[in-house]
Each structure stands twice: as structure tokens, then as C-alpha cells.
Amino acid sequence: EKDLEKAAKLYKMAAQKGNIHAHNNLGYVQMVQENHVEAAKSFRAAAEQSSEDGMYNLAGLYENGLGVEKDLHMAMHYHEQAGLRGHTKAALAAQRLARLLENEGAGSSNAPRPTDNG
């Protein structure tokens with residue numbers, strides 16, 4: 001536990017200096033510490049800096065309602081964005097969520113679909 005606290009402190013310092021990977025790594029540490037709200041903030045910070053790993057991890061939190069309100073559309077959005085940047089697992093997750101939403105009826109004709117360009 002002491003090592004996790006030290007890691008979190010070091011990642012926070014690196015993140016404050018603009019290290020994209022530090023935001024994502026800090027999120028991992030916060031997940032291990034079961035601090036999901038802070039993990040979501042860290043993953044979001046990484047995602048906002050175009051980190052595909054940050055996007056993928058934030059999508060997972062949205063998909064499971066950890067640290068953020070469960071929102072499958074947001075999860076799909078972040079998976080899609082990460083997938084567009086080459087994150088294979090994220091692209092596959094976006095496809096899986098699109099099918100799930102369609103099967104649940106949440107993918108009505110008015111809802112945005114992963115293949116829509118806006």
C-alpha cells in the first residue's frame with residue numbers, strides 16, 4: 001500500500017508536468033486503490049490529451065459505472081475514439097457495445113450510431 005501511495009505521488013507529479021502516460025498510469029493506481037472517481041478524472045485527463053489508453057480505460061469505467069454514472073453511449077464513444085487511434089481492443093469493444101445497444105432498443109433511429117459521421 002505504501003508503494004501504491006508513492007507511485008501515485010510520482011505519477012501525479014509527472015502528470016502535472018504534462019506527461020500523458022502519467023495520467024493514465026495514475027488512473028491505474030487509483031483503480032487498484034478502488035478510488036474510481038479519481039481514476040475517472042485521471043483517465044479523462046489522459047483521454048483529453050488524445051491518449052488512446054486513457055480513452056479505452058475511461059470507456060471501461062462508463063461501461064461499468066465505476067467512478068462515473070453508467071453510460072453505454074459514452075463508453076461506446078470513448079471506445080470508438082480510441083479505436084480510431086489504433087487501439088484494437090477499443091475498436092472491438094465499440095462494435096460489441098453497438099450491437100448491445102441495438103439489441104436493447106437503445107439504438108433507435110434517433111440515436112447516434114458508431115458508423116454515423118455526425
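The legends below describe several close-up views of one predicted model.

Residues are numbered from 1 along each chain as its sequence is written, and side-chain values rest on heavy atoms, with hydrogens and water left out. Because the model is predicted, local features need pLDDT of at least 70 and side-chain atom pairs count only at pLDDT 80 or more, whereas totals for chains, interfaces and linings use all residues.

**Figure 1. The protein chain as a whole follows the pattern α-α-α-α-α-α along its sequence.** The chain has six helices and zero strands, where helices (H or I, at least four residues) and strands (E, at least two) are DSSP runs numbered from the N terminus. Of its 118 residues, 36% count as buried; here buried means under 20% relative accessible area, exposed means over 50%, and partly exposed lies in between, with a 1.4 Å probe and protein chains only. The accessible surface of the protein chain comes to about 7300 Å², and 48% of this surface belongs to carbon and sulfur atoms; such areas come from the Shrake-Rupley method with a 1.4 Å probe, and for residues only the protein chains shown count as cover. Among the contacts in the chain with a separation of 6 or more, 40% come from residues 24 or more positions apart, a contact being a pair of heavy atoms within 4.5 Å.

**Figure 2. Tyrosine 28 and phenylalanine 43 form an aromatic pair.** Rings of Phe, Tyr and Trp (its six-membered ring) are paired if their centres lie within 6.5 Å, and planes under 30 degrees apart count as stacked, over 60 as edge-to-face and the rest as tilted. By this rule the count comes to two aromatic pairs. In the pair shown here, the ring centres are 5.9 Å apart and the planes stand at 80 degrees, so the arrangement is edge-to-face. Tyrosine 28 belongs to helix H2 (residues 20–32) and phenylalanine 43 to helix H3 (residues 36–48), so the pair ties together parts that are 15 residues apart in sequence. Tyrosine 28 is partly exposed, at a relative accessible area of 43%, while phenylalanine 43 is buried at 2% relative accessibility.

**Figure 3. Tyrosine 62 and tyrosine 78 form a stacked aromatic pair.** Their rings are 6.0 Å apart from centre to centre, with 5 degrees between the planes. Since tyrosine 62 lies in helix H4 (residues 52–64) and tyrosine 78 in helix H5 (residues 72–84), this pair ties together parts that are 16 residues apart in sequence. Tyrosine 62 is buried, with a relative accessible area of 10%, and tyrosine 78 is likewise buried, with a value of 13%.

**Figure 4. Helix H3 packs its buried residues against H2, H4 and H5.** The buried residues of H3 are Ala39, Ala40, Ser42, Phe43, Ala45, Ala46 and Ala47. Serine 42, found in H3, counts as buried at 6% relative accessibility. When its neighbours within four places in sequence are left aside, serine 42 is in contact with His23, Leu26, Gly27 and Gln30.

**Figure 5. Helix H5 packs its buried residues against H3, H4 and helix H6 (88–103).** In H5 the residues Leu72, Ala75, Met76, Tyr78, His79, Glu80 and Ala82 are buried. With 13 residues, H5 reaches 18 Å from its first C-alpha to its last, close to the 18 Å expected at 1.5 Å a residue. At the start of H5, a side-chain oxygen of aspartate 71 comes to within 3.0 Å of the backbone nitrogen of histidine 73. Just after the helix, glycine 86 takes a positive phi of about 100 degrees.

**Figure 6. Glutamate 34 and serine 50 are loop residues with a positive phi.** Most residues other than glycine have a negative phi. Glutamate 34, placed in the loop between H2 and H3, has a positive phi of about 60 degrees although it is not a glycine, and at 62% relative accessibility glutamate 34 counts as exposed. Serine 50 lies in the loop between H3 and H4 and has a positive phi of about 70 degrees, although it too is not a glycine. Serine 50 is partly exposed, with a relative accessible area of 41%.

Methods
The expected span of a helix is 1.5 Å times one less than its number of residues. A polar contact is a pair of N or O atoms within 3.5 Å; within protein, one must be able to donate a hydrogen and the other to accept it, and residues adjacent in sequence count only if both atoms are side-chain atoms.
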